[in-house]
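Subject: Structure handover

Hello,

Here is the structure for your files. Please open it beside this note, as the findings follow below.

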Amino acid sequence: MGEGDDEPGFIRLEFHELPQGEMLSRARSFYEKMKKRRTSRHFSNRQVPRELIELAIRTAGTAPSGAHLQPWTFVAVSDPDLKSRIRHAAEAEEKKFYEDRIPEEWAEVLEPLGTDHIKEHITDAPWVVVIFRHSKRSRSNGEMAPTYYSQESCGIAAGLFISAVHNMGLSTLTHTPSPMGFLREILNRPDHEHAMLLLPVGFPSEEARVPDLVRKDLDEMSKFYE
Ligand code: IYR
């Protein structure tokens, strides 16, 4: 029995140190794998087993969160009627966005991405996962109380979800229909849950295309003080 074993509410950290060479080779190979991730809007309708989606959600749920409140619900939809309703509502909002609401300086940076109000990915992909962020939690006495850093927490969870999907050999897209209040209604979520991201998941279609983008180099995105 080492120190720390007897403090109620705490357990010993499980940590297995890796040899230096192994650390570097894992770091390199993870980077090489993640470098190949791309956001494509083109999905095949090929089926994906539910178990893979469950595993991506379980991975997302390992994210750290403010006060460990885990302020998220992942709603996974494969039902074709429900996906059609979501697509229809998303396209109605997005049409207004692209035709009227979009500020010029926003249009300028979207132009190279080639996006528009048509959202085929919502019905093409076999799964659509919507992340709902909880702005409140219920206390044991039934009162509602705030959550903390829920945006950051759900952002981290989304990153893990995207990485898990990429790692299992599937593709996903971070779609943000704006505004997305309709998702709460269609997916029957309570008022304190706010749709944050809609992620279609599936295989890319044969003709899938991506914009020819360049990622920032290390020295453009970092600064080291040693
Ligand atoms: N919500 C729109 C517009 C859009 C906004 C951003 I920021 C993007 O990176 C891409 C698209 C849409 O999903 O098309």
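Y149 lies in the loop between β4 (144–146) and α6. Helices here are DSSP runs of H or I with at least four residues, strands are DSSP runs of E with at least two, and both are numbered from the N terminus. Y149 is exposed because its relative accessible area is 62%. The cut-offs are under 20% relative accessible area for buried, over 50% for exposed, and partly exposed in between, with a 1.4 Å probe and protein chains only. Y149 and E22 are 127 residues apart in sequence, and their C-alpha atoms are 34 Å apart in space.

Some ground rules. This is a predicted model, in which local features need pLDDT of at least 70 and side-chain atom pairs count only at pLDDT 80 or more, while totals for chains, interfaces and linings use all residues. Residues are numbered from 1 along each chain as its sequence is written, and side-chain values use heavy atoms, with hydrogens and water left out.

The overall picture

The chain has eight helices and six strands. Starting at the N terminus, their order is α-α-β-α-α-α-β-β-β-α-β-α-β-α. The C-alpha trace spans about 65 × 50 × 40 Å along its principal axes. Of the 226 residues in the chain, 34% are buried. Contact means heavy atoms within 4.5 Å. Among contacts with a separation of 6 or more, 78% come from residues 24 or more positions apart.

Helix α2 against helix α6

Two packed helices are described by the angle between their axes and the distance between the axes. Helix α2 (residues 50–60) and helix α6 (residues 150–167) have axes that come within 7 Å and cross at roughly 145°. Each axis is a line fitted to C-alpha atoms over the stretch in contact, and angles run from 0 to 180 degrees between N-to-C directions. The α2–α6 crossing is right-handed. That term applies if the near helix is turned clockwise from the far one by less than a right angle; anticlockwise is left-handed.

Which residues make the contact? On α2 they are A56, I57, T59 and A60; on α6 they are A157, L160, F161, A164 and V165. Eight of the contact residues are nonpolar, one is polar and none is charged. In this scheme Ala, Val, Leu, Ile, Met, Phe, Trp, Tyr, Cys and Pro are nonpolar, Asp, Glu, Lys and Arg are charged, and the others, Gly among them, are polar.

Aromatic rings

The whole structure holds four aromatic pairs. Rings of Phe, Tyr and Trp (its six-membered ring) pair if their centres lie within 6.5 Å; planes under 30 degrees apart are stacked, over 60 edge-to-face, and the rest tilted.

- F74 and F161 are a stacked pair, 6.4 Å centre to centre with 15° between the planes. This pair links distant parts of the chain: F74 is in strand β1 (residues 72–77), F161 is in helix α6, and they are 87 residues apart. Both F74 and F161 are buried.
- F97 and W106 are an edge-to-face pair, 4.9 Å centre to centre with 75° between the planes. F97 counts as buried because its relative accessibility is 6%. W106 counts as partly exposed because its value is 41%.
- W72, F74 and F161 form one aromatic cluster.

One charge also meets a ring. The charged end of R46 sits over the ring of F203, 3.7 Å from its centre. The test is NZ of Lys or CZ of Arg within 6 Å of the ring centre and within 35 degrees of the ring normal.

Backbone points to check by eye

The peptide bond from S178 to P179 is cis, with omega near -5°. P179 lies in the loop between β5 (171–172) and α7 (181–186). E93, in helix α3 (residues 80–101), touches S178 and P179, and also R101 and F182, leaving aside residues up to four places away in sequence. E93 is buried because its relative accessible area is 17%.

The loop between α2 and β1 holds A67 and H68. Phi of A67 is near 55°, a positive value in a residue other than glycine. H68 is not a glycine either, and has a positive phi of about 50°. A67 counts as exposed because its relative accessibility is 61%. H68 counts as exposed because its relative accessibility is 56%.

Best wishes
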